[in-house]
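Please keep the sequence and the model at hand while reading.

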Amino acid sequence: MSSVLTFAFGFPRLGERRQYKTLLEGYWSGSVDEEGLLQGMAALREERLREYRSMDLIPSNELSLYDPMLDTAVMVGALPQRIGPYDGLSSYFALARGKQALELTKWFNTNYHYLVPELEQPNFRLSQNFPLEDVRFYRQRGVETVPTLIGPYTFLRLSKRSHSSDGTPRITPLSDEEFHTFGSALVPVYVEILESLRSEGVALAVLHEPALALDVPNTHWELVAQWYGELSRRGLPLWVLCYYDSVSDFRRYCELPVAGIGLDFVSNSENWEALQRFGFPREKALIAGIVNGRQVWRSDLEELLRFVESLTRFADNVVLAPSCPLWHLPITTTVESRLPEGLRERLAFARERIEELWLLKAAWEGEPSALQRVKEQSALVRQPFARNEQVRQRLAALKESDFHRSPPAAERRALQRKLLHLPVLPTTTIGSFPQTAEIRRLRAQYRRGELSAEEYDAAIQQHIHHAIAIQEELGLDVLVHGEFERSDMVEYFAERLEGFATTEHGWVLSYGSRVYRPPIIYGDVWRPQPMTVRDITYAQSLTRKPVKGMLTGPVTMLLWSYWCPDTPAEELAYEIALALADEVRDLEAAGIRIIQIDEPAFREGAPLKRRHWDEYFRWATRAFRLCHARARLETQIHTHMCYSEFNDILPYIAQLDFDVLSIEGSRSKGEIVDSFSQLPPGSLHVGVGVYDVHSPAVPSPEEVEAILQRVLSVLPPEAVWVNPDCGLKTRKWDEVIPALHNMVTAARRVAQRLEYHTTQQDRS
């Protein structure tokens, strides 16, 4: 009989009471000193140990101070020269959130954001041995752990090359030649780390290589085999984990000279098909990702037990594991008391996923109570839940014309320009303004029943009034109401749509200390009444300038929520889009002339392999168009996208058929601009983000002008808008006001130069 072990990894670092967030923000504000921060992190490490106690193998080196990719860059000395000599936490957080911060972008196809290392020269060195430090930390507490770290291929694949051309800084992906050069310099540092672990008596190390699920060229596979050959000669057994999709080349992956191979059997069917076709090296451990690390519905454990039986036909040593790191889940369902009846017992968060792994092993070993619990859970999850026939009928009645807006965008824009009376380089913001302590207190009081609905609404309107007045004073051209009534851009709508449930404590990290609570789609989705009209029309009543209606798009609503994998994502996206289309019609009827439908998750939902892109973008673009296909000709539809790699999907973005796009551009140093030239002239009207809202640094007018000039080198002035990278809810008013003042100042300066240049040309 094959041996079966359990290994969970990536448990959320937030803490059950969000201690992680409190510590970081306390340190940044000065209320927590360095010693207090490190002591708090030590307490979180001990809390993690308790979560993993039931597992056969316990990971270490998982608790980052901000981001694991940044930790790896620090560990191997891959730091840009602009920050000067590395001096510990000051340099660390300068790279994370200072004026010289690294680019922030999406981690594979998830809603976690990582910091993109900038590689200037292939000069790596072991700067700080985080894995060894953590091994020693847990040994002092009597626990042997398995140190984990991001593998060299994933680190390089997600890093970028930083270099200058004619004095202009450029951040670009590594070329094949650079990949080889930087890899040759990086691997010796990994060798040094592994040798230090072996000398310490460590029995096993795990390297995370999710980048092997991307499209990996043959030349890269040759390098990976070479690198792991070198690493494996150090005498320390290694496991390699690949997840989020099937590994790009199953046979090459299994041939790597390592002791264990991790396969994700949840996100795809290709890994299982390849295992049956090609077999598996029996001498290696098979780390089988079989419980879902990305969705919250409990597993059909009877089905999984049968699957484990099948796996043991291919491998002598099977290790039961989550499909991917558990940080994509909240910590536990046990603290949730307000979910719809019958829902909580169907859900599994991170702690419950670990329990499922333990239960599977116990049932595999024949423990009677475990077998009974497996049977009961499977019977529960197989029962249908929360269907709505009217929604199903509306979905079935959709016609192809429901997905297309007419006339073409060029005709719409001409009319909109005439009606809106906007200047060249119009200025706006993305939607939200600072969520102050007062606003959070108001929301908490309302939820506790200490404020009536009327009192709460009146208080929110005071904040809207304040925001409109500030925008008028700053001279912005298109205003927003500030979104003070919204705790989160997805959660707000989920609370107003049937078929969605929201949690009280289901927090998940997005980046740094930024958290959100993903809603749960538990049934068919529909809108019982208007969701945004009252607050938007109140804001519009305060000004003669246009105020944008603010909606979250169907793809983002879907991807930033949890949903039952048994329901096709396409169907759910269309259900959400139909609800949003109803909202668009109500906003138009109320006199709102500009409506923004945000889709920041549009790129992150793309499959990791390009051969699957067309199918995903087919339904994702159709879902977005379904929202506004029946919008009036004069209604200007905006969308916003941020913090993903958009360069390679601009043709798909253009298919959304919006009127104006706002997109992140500051942390990537305006790299996105270079990609606009691949599209037909005038096909996109774009606002490239001119300053980084995730940093407290205030940009100067000259810095904003530099980005605008770069944008104008590619796009005509009539196609350019001016805006920040993203919403401003996490910033303070004393940061926001000067930043927007400088943004407006820069836009006017550039517009005046354009007008002067045009006048001179006319005279000549």
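Thr 428 lies in the loop between α15 (409-420) and α16 (437-447), where helices (H or I, at least four residues) and strands (E, at least two) are DSSP runs, numbered from the N terminus. This is a predicted model, in which local features need pLDDT of at least 70 and side-chain atom pairs count only at pLDDT 80 or more, whereas totals for chains, interfaces and linings use all residues. Residues are numbered from 1 along each chain as its sequence is written, and side-chain values use heavy atoms, with hydrogens and water left out.

Thr 428 counts as buried because its relative accessibility is 3%; buried means under 20% relative accessible area, exposed over 50% and partly exposed in between (1.4 Å probe, protein chains only). A polar atom of the Thr 428 side chain lies 2.9 Å from the backbone oxygen of Val 478, and the side chains of Thr 428 and Lys 548 are joined by a polar contact of 3.3 Å. A polar contact is a pair of N or O atoms within 3.5 Å; within protein, one must be able to donate a hydrogen and the other to accept it, and residues adjacent in sequence count only if both atoms are side-chain atoms. Leaving aside neighbours within four places in sequence, the residues in contact with Thr 428 include Leu 476, Trp 721, Pro 724 and Met 743, contact meaning heavy atoms within 4.5 Å.

Three strands form an open sheet of mixed pairing, in the order β14-β17-β19. Its edge strands, each pairing on one side only, are β14 (498-501) and β19 (562-563). Two strands pair if DSSP finds at least two bridges between them, and β14 pairs with strand β17 (residues 520-526) in the antiparallel sense over three bridges. Within this arrangement, Glu 498 stands opposite Trp 526 in β17. Helix α21 (residues 569-589) packs on the sheet and touches β14, β17 and β19, its direction making about 55° with that of β17; axes are lines fitted to C-alpha atoms, for helices over the stretch in contact, and angles run from 0 to 180 degrees between N-to-C directions.

## The covered helix α3

Helix α3 (residues 68-75) is mostly covered, with eight of its eight residues buried. These buried residues pack against α4 (89-97), β4 (113-115), α5 (130-139), β6 (146-150), α6 (152-158) and α7 (176-199). At the N-terminal end, α3 is capped by Asp 67, a side-chain oxygen of which lies 3.2 Å from the backbone nitrogen of Met 69. Gly 77, whose phi is positive, near 70°, follows α3.

## Aromatic rings

Rings of Phe, Tyr and Trp (its six-membered ring) pair if their centres lie within 6.5 Å; planes under 30 degrees apart count as stacked, over 60 as edge-to-face and the rest as tilted. By this rule the count comes to 35 aromatic pairs. Trp 107 and Tyr 114 form an edge-to-face pair, at 5.6 Å centre to centre and with 80° between the planes; Trp 107 is buried, with a relative accessible area of 4%, and Tyr 114 is buried at 5% relative accessibility. The pair of Phe 124 and Phe 182 is edge-to-face because the ring centres are 6.2 Å apart and the planes stand at 65°. This pair links distant parts of the chain, with Phe 124 in the loop between β5 (118-119) and α5 and Phe 182 in helix α7, 58 residues apart. Phe 124 is buried, with a relative accessible area of 13%, and Phe 182 is buried at 2% relative accessibility.

One aromatic cluster has among its members Phe 7, Trp 107, Tyr 114, Trp 239 and Trp 327. The charged end of Arg 97 sits over the ring of Trp 28, 4.0 Å from its centre, while that of Arg 622 sits over the ring of Phe 403, 3.8 Å from its centre. A charge sits over a ring if NZ of Lys or CZ of Arg is within 6 Å of the ring centre and within 35 degrees of the ring normal.
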